[in-house]
Amino acid sequence: MKIKCVLIDDEPLAIKVLQNYFTNFTDFEVIGTFNNSLEALDFINSTPVDAVFLDINMPMMTGFELISLIENKTKVIITTAFREFAAESYDLDVLDYLVKPIPLPRFIKCINKITTEYNLKNNIKIETTKGDSHIFIKVDKKMMKINIEEILFVEGMKEYIKVVTPDKTYITHKSLTSLSEELPADRFLRIHKSYVIALNKVKSIEGNRVQIQSYNIPIGRNYSKEVKNKILE
């Protein structure tokens, strides 16, 4: 079953950008786009919708006014060129606040939030051991879905990172810090300025190296104590 989304914005280009982003995510479906708040409200209150991407500055009715009139528990994501309304929006229990122009990596984080909320609402259990939990990375202009459970380690290479799985290695233009923030902190650990590893994939630890399958990965001097405490605990 797909996660149904609605896009509301009086700027056609803003809607077009989001539509293009959504083409990379097969679990999502855009079922409506609106530049009129009243038409959007009528649709949302009469149609099952999982997530609404909503601009604040809309004619006839502001985004905040529209939120107050939504009758169901649809998750709302604010999209705006203004940062100053963030605090007010969270008082309305919005799921996320995206500032235009919306970078794709930031959009992906939002997608992950929506997926998590959708699974909780529908009592869908995420069995990470079966590889249902995932991240998306951009490889050769294509968004690739990678199951978190399959990741052995991630290696930073200046402006790029290498995500290594048992069957394949993916290279993408992204920082190691940025990707590590998308991984579960209780299952992944940074052991070197250039490496983040999956704790449950460690085969052995000897001296200043850990072994994961056939890979010997160095432990940075500044990370040594935390690494050994985490792995040997």
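Visitor: At which residue does UniProt place the feature "modified residue: 4-aspartylphosphate"?

Guide: This is a predicted model, in which local features need pLDDT of at least 70, side-chain atom pairs count only at pLDDT 80 or more, and totals for chains, interfaces and linings use all residues. Residues are numbered from 1 along each chain as its sequence is written, and side-chain values use heavy atoms, with hydrogens and water left out. UniProt positions are given in this numbering, with feature names shortened, and annotations may be inferred rather than shown by experiment. The feature comes from an unreviewed UniProt entry, which puts it at Asp 55.

Visitor: Is Asp 55 buried or exposed?

Guide: Buried means under 20% relative accessible area, exposed over 50%, and partly exposed in between (1.4 Å probe, protein chains only). The relative accessible area of Asp 55 is 4%, so Asp 55 is buried.

Visitor: In which strand is Asp 55 found?

Guide: Helices (H or I, at least four residues) and strands (E, at least two) are DSSP runs, numbered from the N terminus. Contact means heavy atoms within 4.5 Å. Leaving aside neighbours within four places in sequence, Asp 55 is in contact with residues including Asp 9, Asp 10, Thr 79 and Lys 100. Asp 55 itself is in strand β3.

Visitor: How far does α5 reach from its first C-alpha to its last?

Guide: The expected span of a helix is 1.5 Å times one less than its number of residues. With 18 residues, α5 is expected to span 26 Å, and its reach is close to that, at 25 Å.

Visitor: How many disulfides does the structure hold?

Guide: A disulfide is a pair of cysteine sulfur atoms within 2.5 Å. For the sulfur of Cys 5, the closest cysteine sulfur is that of Cys 110, and because they are 8.6 Å apart, they are too far for a bond. Cys 5 is buried at 0% relative accessibility, and Cys 110 is buried with a relative accessible area of 0%. The number of disulfides in the structure is 0.
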